[in-house]
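Thanks for coming. Please have the sequence and the model open while I talk.

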Amino acid sequence: MNTFSVNTLKSLDGNTDEFINKYILKLDFLNAKNQSTRRGERLHGMISYYIRGFDIEKIKNAMASDEKEILEKTLSLEIFKNRANFIKSEEPFLVKCSSYNTNGTTAQKTQQHTGANFNFYLTGRFDAIYFDKGEYIIYDWKSKNIPKDPENDLQSVVYLYCGSKIFSAKNISICYLSLEKGQSTKVHFSDEKLYFERILNIIKKLPSKYLT
Amino acid sequence: MIFYSTINSNKTDILIEKYFELVKSGVKPEEILVLVQNGRKKKKFVEKLKNKAPVGNIGNINVFSFFALARNFLERNFVSAENMIKDPNSPVFAHLCGLEVSQYIFKNCIKEIEFKGYNSKVNLLHQLLRRYSLIVQNALCNDEIKKREKILKEAYAKEARDAIKLYKLKTLEYRAFDYLRQVNIFEYLYKNIKNPYRYIILDDADEITPAVFEYLKYIKSDIKEFIVAQDPLGSSRLGYLSAAIVDFEKFLGQKPLDLREDSEKSKRAFKIFNAVKNNLQLSDENIIVKSFIRRDEMIFDTVEEIKKLIDNGTKPSQIAVVTPITDDYLRFCFKKIKQDVFFLSGSEKLNQNPLVGAIIEILKLANIDDMFLSPFILKSLALEILKLSPDEAITLTQKYTEANYCRKKLIKEFLLEFDNDKAKDFLHFIEAIKNEPLSVQLFEICTKYIKKTPQNQNSILKLNKLAKQINDFEEVFTSHFKKLQLIEQLENTIISENPLSEDEIPESSIIVASAQKLIDSEIDTKYLFLLDCSSSEHIKQDIGMLYNSWVFQKSWNKSEFEPDDNIKLTQDRTARILYKLALCASEKIYINSSIYDTLGIENYGGIDKYFKSAKSLNTSAPKKIIPRDDQKPVLDYKSGKMAVSAVAGSGKTTIMLALILKLLEGSVIENIKSENIFVLTFMESAARNFRERIKQNYPDMVELPQISTIHGLALKILKENNNYTFVNLDNDFEITDENKRREIIASAVVNAGLEYDKTELYERAISDFKNSSCTDIKKVKSPSFKRIFSSYDAVMKENNLLDYDDLLIFALRLLKTNREVRLHYQNLAKIIIEDEAQDSSPKQQELITILGEKHGNIIRCGDVNQAITATFSNSDVKGFKKFIRENKNVEMNKSQRCGVKIIDFANKTIDEAFSFAPEAFLNIKMHPVEGKNPSNSDGVELKLFEKQIEEKKFIAETIRKIKAQNREKSIGILLRSNWQITQWANFFEEENIKVEKNIDTLNNNVVFKTVLAIFNFINDTKNIKNIKNTLEVLLEMPRYKSEIAILSEIEQNDFMSDNFSKYSLWWDLRYFLLKSTTNPLELIFEIGDYYFKNTLEFANVSMVYSIAQKIYQTQKTFEDMLFRMNEIANRLNKSTKFFTKEDSTAGAVRIMTLHKAKGDEFDFVFIPELTSENMGLKIEDIKLKKNTEFIENLKPEPKDAQTLKQEILEENYRLLYVGITRAKTKLYLSCAKTYKMYKKEKSYKPCEIFVKEGSYEHI
């Protein structure tokens, strides 16, 4: 395994054995999506259609009234008034990283772990990228709750690290928006080195034989 | 840029280099579309791309397989399609589901459309899906479809169109789109959405589908550069899989670069391509060609070769096996390699996996309150799921078996009363989940009962496949489907894609795959074994009634479709497939084939004909036969029609074989090849005998002459080159075996209000009616026959079944109505040799006449005096008599088989018959061969006894005497009817005389008998009589010889107690009993392998498996299957062609019917019970059965009773003659004056030969 998403990193961080079972040995039972996940997906989809300029009236009118209400409430937010500022929607990303990172601070530790330098990849999907006044804002729609400690949330770490690489920019932030509650919080890019070390330390939990 | 490359060129590296060149020049990754053939190649491509990329942002890469491109479009842009749909209900996303959902929808659509004259439940859906697939993949518009309907003169075109239209509407309604429907909508989307791509990198361009090419054509003007990798000899997916051979040079106006590597491997692949394309035979020192007689021999040889390679240091991953037939038999045999073997293809049902099977049963339990469970399944659940101890599981199962006798006890009630905590907990659990959706139920069951261990990995993958399907259904239909119906459908789901995703191909296993799978996955190996090369399955011919893979190609531009088109196109595809396969192996390629398939049916039409061994395996010249004077004219045959009248023991088989070998040498008929020699035998065993003897003479011969029974030939004519389509047969037609046929007729008989025991009568009547000159059912007078026949006919049609009579009827119809097919076979049949011509039916004779019309070389051999099948089959001796009269007749009248006195007696029988039945014989007398016949003093003895028991005792005593003098002497006891065999066999058993019953019952085969005995034990472990029967069967095996005492102990102790642990037989039975599986068929291979390892009998295991499998398909539970197996065990069965040893054990006492004895010989022959009833030799002794008259009256011109009697009388004489001429040194003919019938002593008149005073000894 060489490619990690926020979810797989969280799983690896939480319990290595469970991670190996689930993502490497594929020993996990497929569970059906629950109603709340499905609703989240639908709302994500609709926002994306909207951002990309599709006519969503027909689908919107067929939605359940509570969902439609949330969608309308969301789309009436200030940011959607400047639809053109959304430069990407539902955008997948793939960033290649080397355990021997650019300033060399983690090289020694890494070598102790694997005996050699290794590459890994970070992947995911940005719900939307908003660009305004020289700042890139990665929007992440949450169905209900936004992270309790957004500064330290692994998603912030991974997304800001990758975002900075993708847009070659430091003026970048991630904004979590709760669709149901209307709350939002924003985290600005801070320390690339710390981000990278946090990610690498999680990956190092995986026994080297599984790193390909 | 276009470049030619093969899978061995570093084409991916070149393409990736190009990719980065573009990116470096400022092109954004999202502007580049990379298209590859499939998911596995995509994964490989992406991994290489990631590897090659510099650290940092790689970007949004768009690498898609041909199919995933459409899916991606739909996922991102569904709203655009949705806005076009009129239905106001509107989901946010489409349901991108698996084929199971669309099959379910299609199935319901078909119900609304009547395909007049064609509504095969089995195949209609399959055929329509294939048609639809071809239409979609070839991006055919309505006009193109209509054009093709005309070319094919399709009878069901409109219905097919309506069905597909309805299906498309319904899928739209549900927004349920499988991969084909996705491609369908893709076309709409790309025409209505702005194209995001500027550069196209196209790998595997030779496998591109027209649908994808249409897309490329559409966006061509937007594209700045195309980079295309193509193998000009590739396109292995031509035909049904719809690869298009695209001229990219023309499309892009660029010259291709040839970057194909110049390796030995490539050269060999190219040679193979040429050989196949031009119908040549290739010989190469790195291509090892081996041909075997039986399939098991071929498989075991492969297994041994693989073991050797591994012992010599070859890694498993360097070995691949390709076969179109990945059946359970192959899987089982490959377990013996003791290495990881990964089956990359081969469809299987989900519930074939024991854990999945068990979970499905629990799902049923959760959703059905009043359920009876098969005790066999209960045992499996107890062991596998509840983890009860073996003893607990056995007790539970046995108690339920007893409680549930005659389905009296519901399983839930039983478990509630059964004192076991785990069972109770299980009951509470299924009660708690019963109201949940199926997907939740499945998840809960798995979480509670399945351990997430690597051992369970395969099962978990399959369970997730099941979960995926359930999720699909729940998403599409929400709750508008019945849970139980869905469980049933899913239970029978066949995973055609195995593995479920390309990610799962392990890197350290031997891969067993179909050709296409190996090619598609680009498996790189050193040693490639191609198995079953003689099977026509290697050359897939995807043509059915409602789809034609060739005409439905986008590129089809002819106005007609001729059989030759199919042959040529298929050959082209085969060349491409074999070429690509050859590119997968760098060292050796093994071409392995066998004369017979697993079921003992002859293989033909494979790919072995393109290969020849580089070094001859056996060059010894065939043994020359020096013919006698009376045989010589046969070997001197030059051309034309010739009859050979051969008396019993005249060496007819030997001389015919010599003639075939001479013909094969090519000195008789010019330019003759083995395929030009047609040999027809009466029995399959005779055909096997010929084939095997030719193979012994020419071990390297790949294609044997066409040797078969008439039904075998008819089947071949129908199947070859998809000829069946010309007589409106569907390609998946199946031949009913006699068990299934009997079942269908029995049900028709009972439904017509008649007694079940009338079944046999109607079996015969239906066959006779089909073979008669008038087959218009309306003209038949009998209302009961009309009803039963119509009902039988309807069931056969609905299930796409043919019986043996149909085979012949359809083959004849085909030859008569289709000139091209007729000419093909007439050209092919340069000579036809018919064995046992006296038993030939009018239809068989008609077929021979048609086939022989062009070359006129027909040799018919037989003995009119041995025609003994006319009264119970469709054979007609008159035809052969006429042939003898009208053509040159060679009389082979010398026989060295019988002693002179026996010859005299046989000849005397011919003379005496003239008084009572002048038409019985032709006056061809047997003559001894000087100095060769057995010498004996008292050749024939006629014995007349007062009582039956005296006759029996006399024979037993005489056998003892013979054996005391010489144990090696063979003895035959020949009887009139099958039922007498059992009676006499029982008597001999009481007398401690070991006999071999030569009877065509399943239970007479040791494998069937053993499997049945063990199954009976598993079914009931308490019933002493049942256990005793099982033990008796198994104790016959030498391995249990010393354990006979077990029989006496079972009366005293519970058989399941430890008291028996000193017996290995007990442990073995316990092992099979505790083998935890929900699929009883698996046990058959286990039993077979344990008892019959590496023997000829092991080859029969797969036949027993096949019998059980057919029953299991309809009976569904182990117990019901077993009931049927017991029912048919002792019935005559001719459709299963068990492999048998050519010669019986030396010195055996064999017991059989007179009919069955034909072709055999014995030192001593006994023909007892020759009453006038058994062997009427005077017209007044012949009594017509009611059935005979009934059947006769169905015919357009029925014979009168007197004529029928006369025919029976004539045949009786010939039957007696056959019996007499089986004896070499001594013949005993006997009769008693009284016999016990139904426990009553009854007087009988001895038959005519005992009438003359003095001709017999009265005892």
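I will go through the interface between the chains, then a sheet in chain B, then a pair of helices. Keep in mind that this is a predicted model.

Start with the interface. On the chain B side, 33 residues are in contact with 30 residues of chain A. Which elements of chain B each supply at least two residues of the side that touches chain A? They are β3, residues 56-57, α3, residues 66-82, α19, residues 438-449, and α20, residues 457-477. The largest share comes from α20(B), with nine residues. Sorted by class, the side of chain B that touches chain A has 16 nonpolar residues, twelve polar ones and five charged ones.

There is also strand pairing between the chains. Strand β2 of chain A, residues 86-98, is joined to β3(B) by two bridges, and the two strands run antiparallel. If you want a position to look at, find A:Val95, which stands opposite B:Asn57 in β3(B).

Now the sheet in chain B. In general, strands of a sheet pair through backbone hydrogen bonds, either parallel or antiparallel. Here six strands form an open sheet, and the pairing is parallel. Reading across, the order in chain B is β22-β21-β25-β26-β20-β27. Which strands are at the edges? Those are β22, residues 706-709, and β27, residues 888-892, both of chain B, and each pairs on one side only. On average, neighbouring strands of this sheet are turned by 15° against each other, direction ignored.

One pair within the sheet, as an example. Strand β25 of chain B, residues 831-834, and strand β26 of chain B, residues 858-862, run parallel and are joined by three bridges. B:Ile832 stands opposite B:Ile858 in β26(B). A helix of chain B, α25, residues 652-665, packs on the sheet. The strands that α25 touches are β20, β21, β25, β26 and β27 of chain B, and the direction of α25 makes about 165° with that of β21(B).

Last, the two helices. In chain B, α28, residues 738-751, and α30, residues 783-798, have axes that come within 9 Å and cross at roughly 140°. With that angle, α28(B) is oblique to α30(B). The crossing of α28(B) and α30(B) is right-handed. From α28(B), the contact uses B:Ile744, B:Ile745, B:Ala748, B:Val749 and B:Asn751. From α30(B), it uses B:Ile788, B:Ser791, B:Tyr792 and B:Val795. By class, the residues of this contact are seven nonpolar, two polar and no charged.

That is the end of my part.

Note on methods. Residues numbered from 1 in each chain as written. Chains lettered and ligands numbered in written order. Predicted model: local features only at pLDDT ≥ 70, side-chain atom pairs only at ≥ 80, totals over all residues. Contact = placed C-beta atoms within 7 Å. Helix = DSSP H or I, 4+ residues; strand = E, 2+ residues; numbered from the N terminus. Nonpolar A, V, L, I, M, F, W, Y, C, P; charged D, E, K, R; others polar. Pairing = 2+ DSSP bridges. Axes fitted to C-alpha atoms, helices over the stretch in contact; angles between N-to-C directions. Parallel < 35°, antiparallel > 145°, perpendicular 65-115°, else oblique. Left-handed = near helix turned anticlockwise from the far one by under 90°.
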